[in-house]
Amino acid sequence: MAIPINGHCGKQLRAKDESAGKRVKCPAWETVLTIPPKPSGARDGEQNVHKPHRFPVLSVGVGVFCAAVIVGAVVLDRMKKADRANEIAASKV
């Protein structure tokens, strides 16, 4: 009987019983997954579902936040440079 596991992306995978405890790569995201051990009291018909981690979602959120901060800083810098250029042009007139 195969051991059901959930990838970090939510994809449901199955691993052979002899793979219990080993580490494999998720075929979709290529993140490392640890196949949970089969419980000693589990029968072949029972499922051992491994909950996915929330870290990929968190890392995407942090990445988007950082990108927004960087873009905001660049926009503010360009606005300041434009204001300085306008002040210099106004003083020459």
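This is a dialogue on reading a predicted model of one protein chain.

Biologist: What should I know about the ground rules before I start?

Modeller: This is a predicted model, in which local features need pLDDT of at least 70, side-chain atom pairs count only at pLDDT 80 or more, and totals for chains, interfaces and linings use all residues. Residues are numbered from 1 along each chain as its sequence is written, and side-chain values use heavy atoms, with hydrogens and water left out.

Biologist: What average pLDDT does the protein chain have?

Modeller: First the general idea. pLDDT is the predictor's confidence in each residue, from 0 to 100. Where pLDDT is low, the predicted coordinates should not be read in detail. Here the protein chain averages 80, and 78% of the residues score at least 70. Among the elements, helix α1 (residues 55-92) has the highest mean, 89. Strand β1 has the lowest, 82.

Biologist: How many helices and strands does the protein chain have?

Modeller: Helices (H or I, at least four residues) and strands (E, at least two) are DSSP runs, numbered from the N terminus. The protein chain has four strands and one helix. In sequence order the pattern is β-β-β-β-α.

Biologist: In which sense do β1 and β2 pair?

Modeller: Two strands pair if DSSP finds at least two bridges between them. Strand β1 (residues 3-6) and β2 are antiparallel, with four bridges. Ile5 faces Leu13 of β2 across the pair. Asn6 stands opposite Gln12.

Biologist: Which side chains of β2 are buried?

Modeller: In a regular strand the side chains alternate between the two faces of the sheet. Buried means under 20% relative accessible area, exposed over 50%, and partly exposed in between (1.4 Å probe, protein chains only). Strand β2 (residues 12-15) alternates: Leu13 and Ala15 point to one face and are buried. In β1 both faces are covered. Ile3 and Ile5 on one side are buried, as are Pro4 and Asn6 on the other. Over the protein chain, 15% of the 93 residues count as buried.

Biologist: Which residues make up the largest nonpolar core?

Modeller: In soluble globular proteins, nonpolar side chains tend to be buried together. A nonpolar core is a set of buried Ala, Val, Leu, Ile, Met, Phe, Trp, Tyr and Cys residues joined through side-chain atoms within 4.5 Å. The largest one here has seven residues: Ile3, Ile5, Leu13, Ala15, Cys26, Leu33 and Ile35. β1 and β2 each supply at least two residues of this core.

Biologist: What does Ile35 touch, leaving out residues up to four places away in sequence?

Modeller: Contact means heavy atoms within 4.5 Å. With that exclusion, Ile35 touches Ile3, Ile5, Ala15, Ser19, Ala20, Gly21, Lys22 and Val24. Lys22 lies in the loop between β2 and β3 (23-25). Under the same exclusion, Lys22 touches Leu33, Thr34 and Ile35. Lys22 is partly exposed, at 49% relative accessibility. Its C-alpha atom is 7.9 Å from that of Pro36, 14 residues apart along the chain.

Biologist: And the loop between β3 and β4 (32-34): is Pro27 there buried or exposed?

Modeller: Pro27 counts as exposed, at 59% relative accessibility. The C-alpha atoms of Pro27 and Leu13 are separated by 9.3 Å.

Biologist: How many salt bridges are there?

Modeller: Side chains of opposite charge can pair when their charged atoms come close. A salt bridge is a side-chain nitrogen of Lys or Arg within 4 Å of a carboxyl oxygen of Asp or Glu. The count is one. Lys81 and Asp77 meet at 3.5 Å, N to O. Both lie in helix α1, four residues apart, about one turn of the helix. Asp77 is partly exposed, with a relative accessible area of 36%.

Biologist: How many disulfides does the structure hold?

Modeller: A disulfide is a covalent bond between the sulfur atoms of two cysteines. The cut-off is a pair of cysteine sulfur atoms within 2.5 Å. The structure holds zero. Cys26 is buried, at 1% relative accessibility. Cys66 is partly exposed, at 39%.
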